[in-house]
Amino acid sequence: MSLSRQEKIRNFSIIAHIDHGKSTLADRMIQKSGLLTEREMQEQVLDNMELERERGITIKAQAVRLVYKNSDDEEYILNLIDTPGHVDFNYEVSRSLAACDGAVLVVDAAQGVEAQTLANVYLALDNELEVIPVINKIDLPSAEPERVKDEIEDIIGLDAQNAPLISAKADINIDEVFEKVIKEIPSPKGDETAPLKALIFDSFYDAYKGVIVFMRIFDGTVKKGTKIKFMATEKEFETVEVGFFGPGRFIPCDELKAGEVGYLTASIKNVSDTRIGDTVTEAQRPTENALSGYKKVNPMVYCGIFPADGAKYQDLRDALEKLQLNDASLQFEPETSVALGFGFRCGFLGLLHLEIVQERLEREYNLDLVTTAPSVIYKIYMTNGDMINLSNPSDMPDPSVILKMEEPVVSAEIILPSDYIGTVMELCQQRRGEYIGMDYLEQTRAVLKYNLPLNEIIYDFFDVLKSRTRGYASFDYELKGYQEAKLVKLDMLVNREVVDALSFIVHEQNAADRGRKMAEKLKKEIPRHLFEIPIQAAIGNKIIARETVSAMRKDVLAKCYGGDITRKRKLLEKQKEGKKRMRQIGSVEVPQSAFMSVLKLDDE
Amino acid sequence: MDYSENNDLSLYIHVPFCASKCLYCDFLSFSDKNAYFEDYKKAVINEIKSFTNKQKYKVNTIFIGGGTPSLMSENFICDILECIYNNFHITNNAEITIETNPVTVDKKKANCFKKAGINRVSIGLQAWQNHILKIIGRIHTRDQFLECFNIMRNAGFDNINIDIMFSLPKQSENDWEETVENILVLEPEHVSAYSLIIEEKTPFYKLYEENKLDVVSDDIDRNMYEFVKKKLKENGYIHYEISNFAKNGFECRHNIVYWKRKEYAGFGLGAHSFINGKRYSNTINIDEYIKFNYIAETEKIGLRDSYAEFMFLGLRMIEGIERKSFKNEFGIDIDNVYKNEIEKNIKNGLLTDKNGVIKLTNKGIDLSNVVFAEFL
């Protein structure tokens, strides 16, 4: 008996810890499915952004359609939906998973289950997905598949006894993965005649086609000319093109029906009209209920981004606008700083998101940037009854009109080898963490639970955690809510002038320590001048730390370099150029790097 | 072109070979290309011969620098000098200098140099202490330097420079004072005292980057500089350029040509010339050079850059710049170009402007790059 259309479709994703081999397995499956010749095979087809490849992580979800002939000689369509791999993009991950019916869980045969794996497995289970464990890298000498099987059963509670033992890299047992996917993941069961109901799991802006919306069709059919409506944004468009995802390219088709995964274009100019998690339906015949789980994502971390060269302000605006086309969660608005001139206050999902945007601006748009210390949003309750959301320390009102302040707090989970529990607890304590509890996952691994103020982890928490645990800890957090805290604004004064771009908000008890470290850092960054420069940290009028950059004593070229006068001239020109690139604070020239270096206040 | 008037010219010959490279040195020099000696000599001789308008000039100074010219055979040096003598008009009292390193010169070589017309030698000592010599990658000891100095004196050289360096790694203020005091005993006519510069692309730079180099603080560096200035002055030397000191009448005329923006022709690998307002630089590729492909770059110095050069070179001379010499050179009053810059530097205590002479103050010498950069 031949199978129905939907019975031959499987929609799934691959879940893995960062280096457990997700991309390699995806590549191998693409290659095995025969849609791609060896020659077309890029090293990692799914991760097609340069930046991602270097970081080894996937930022934007993407999808690929595989055609696989199984052992019964039946041809199946397998839609593999890729997921981003970082806590900043938790929501995107959850929407990608919601588009699937099952997931392949890849676990490294040597490393075992890691924190990040856990977080995503829970997301998958929350979405009621069938999870198929697969043990990868069994060709490694250090592989312990039996131990890892037990671990999967003990920690996650999945039956792993029949998990395929594979090596994506060495091409061992990949067919078993296909067979499992076909056998164990349920096929979609939508109604293709019902009103259209499709889930957006990604979208991006294309200069020719406008926004390309990636979606999973749950019910109904969409084709060229279908008038569609995005239910959350209530925007309506007429479909121009539909299609599915070939490896590395889009393949247009006549229509997409219930159960399928594909894309549509509709001359949409703004990516923020097509929010991830929103439901696409027909404008004339809307579905009754939108798919559940949609939420609007809000930035958690803010910082100022300024062009190193003031003349590049417009270029920076253009670049941010272009990035925003593809990244609805990036927010920005103009900001003016006395020290840094014109720039933008930008909002991000988290620190990684911030770093990625910053790197893309620098790399893809060739901009030289100065970034100010990241800040969270504080709630300030005023004596006159008003409440302000404060994301820029410079805007903090005078303490005399503030009734109380609240800061965002996250609930954090740190999974780590038990040897490091002491040092990590000490770190959390230093960062004003509130201990919630600890569970042993197995004899040598534990999960520590803390409530941590967000502003304590946006500086260098990851770095310090990594160095204290030699990279063995993993960290996951979600916003818990706001709580009252005694917060103060710390100002830095260079030669007795406040440098607004260096001001930040800090807990009272940490202010002196932070101020001292900032002053020490600045002392190292500010070159000697002809005169002595005091560097001070202050809360209001009270100076809490001071360093001094002593006057310059020597700046002289001893040698004459033969008759090479051009070389001398170029050296002097470089010196003059360097001065030009500095920021003038009163009569003091401060290098751009000073603004950045204070962001990294190492604890060790 | 006016052939009747004999223009002053200085000649520089570059010898890019050393027995081994010192760890701080970024000069163009090789320690592994001895096989090139003969071809290199031929190429230099050919370059000298092919210099145009030779008859237009009279040559006042010749400087054979390197590298280590004294590493070369007597013939190498003498053949090149002979070629110069055959092709250029050399004035009677021309200053002819060779740079030397201890160990590379014996009595016979020294006598030969003298006979070939060389009348000034510069000896690289750098430091008096053997352990410091070792740290900076010198191949000689203090005793070998003394032997070299004596050989030169005995060969009849009565104009000798000694190169010394301060702010070397592991060098204490005591070490530096010992170095200065000991060379004074020898009564050299000229002393060059250089503060170490950690140049990119040197082994020292790499160590510096890795935080493995004992760097002397700026404060100690300036103490050392103050000491050498004071000590040499007490002993009758004139401090005439930032790093150079001489007994009266023994100032290095060749280097003064550079500071005063006079014309010079450089021969050899990577050598520089300044003729007719243009700066030329030779190729730094030795394989190209020995194929007689000499000039790599020509740069016409515009008016603005010429002003700047005049200032940042001229101010290196301790006597300073005469206002009228600027006017003679460019036909314009210096205030029309640099009034603000001069005033700013006077205000900062880095320059003085008295009796028609603009010069660096002591503080201005220490911070001379700050001053010079203003004139660009």
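The following dialogue examines a predicted model and sets its computed values against the definitions behind each term.

Tutor: The model is predicted, so local features need pLDDT of at least 70 and side-chain atom pairs count only at pLDDT 80 or more, while totals for chains, interfaces and linings use all residues. Residues are numbered from 1 along each chain as its sequence is written, chains are lettered from A and ligands numbered from 1 in the order in which they are written, and side-chain values use heavy atoms, with hydrogens and water left out.

Student: Why is B:T91 called buried?

Tutor: The relative accessibility of B:T91 is 14%, and the residue therefore counts as buried. B:T91 belongs to strand β3 of chain B. Contact means heavy atoms within 4.5 Å; apart from neighbours within four places in sequence, B:T91 is in contact with B:K58, B:V59 and B:N60.

Student: Why is A:A512 called partly exposed?

Tutor: A:A512 has a relative accessible area of 44%, so the residue is partly exposed. A:A512 lies in helix α12 (residues 508-525) of chain A. The C-alpha atoms of A:A512 and A:I539 are 9.2 Å from each other, the two residues being 27 residues apart along the chain.

Student: How do you know that the length of helix α2 of chain B agrees with expectation?

Tutor: The expected span is 1.5 Å times one less than the number of residues. Helix α2 (residues 74-87) of chain B has 14 residues and should span 20 Å; its end C-alpha atoms are 20 Å apart, so the two agree. Among the buried residues of α2(B) are B:F76, B:I77, B:I80, B:L81 and B:I84. The buried residues of α2(B) pack against β1 (7-15), α1 (37-49), β2 (57-66), β3 and α3 of chain B.

Student: What makes the buried residues of α5(B) line one face of the helix?

Tutor: The buried residues of α5(B) are B:F145, B:C148, B:F149, B:I151 and B:M152. Viewed down the helix axis, they fall within an arc of 160 degrees, so they line one face of the helix; the arc is that of the directions from the helix axis to the C-beta atoms. The face turned away from the buried side carries the exposed residues B:D143, B:E147 and B:N154. Elements covering the buried residues of α5(B) include β3 (89-100), α3 (107-115), β4 (120-126), β5 (160-166) and α6 (173-186) of chain B. Helix α5 (residues 142-154) of chain B has 13 residues and reaches 18 Å from first to last C-alpha, close to the 18 Å expected. B:G156, with a positive phi near 100 degrees, follows α5(B).

Student: Why are α7(A) and α8(A) called oblique?

Tutor: Axes are lines fitted to C-alpha atoms, for helices over the stretch in contact, and angles run from 0 to 180 degrees between N-to-C directions. Under 35 degrees counts as roughly parallel, over 145 as roughly antiparallel, 65 to 115 as roughly perpendicular and the rest as oblique. Helix α7 (residues 313-326) and helix α8 (residues 351-364) of chain A pack at about 125 degrees, with their axes 11 Å apart. The two helices are therefore oblique to each other. In this packing, A:L316, A:A319, A:L320 and A:L323 of α7(A) meet A:V357, A:R360 and A:L361 of α8(A).

Student: What makes α13(A) roughly perpendicular to α11(B)?

Tutor: Helix α13 (residues 565-580) of chain A and helix α11 (residues 303-314) of chain B pack at an angle of about 95 degrees, with their axes 11 Å apart. This angle makes α13(A) roughly perpendicular to α11(B). A:I565, A:K568, A:R569, A:L572 and A:E573 in α13(A) meet B:D305, B:E309, B:F312 and B:L313 in α11(B).

Methods. Helices (H or I, at least four residues) and strands (E, at least two) are DSSP runs, numbered from the N terminus. Buried means under 20% relative accessible area, exposed over 50%, partly exposed in between (1.4 Å probe, protein chains only).
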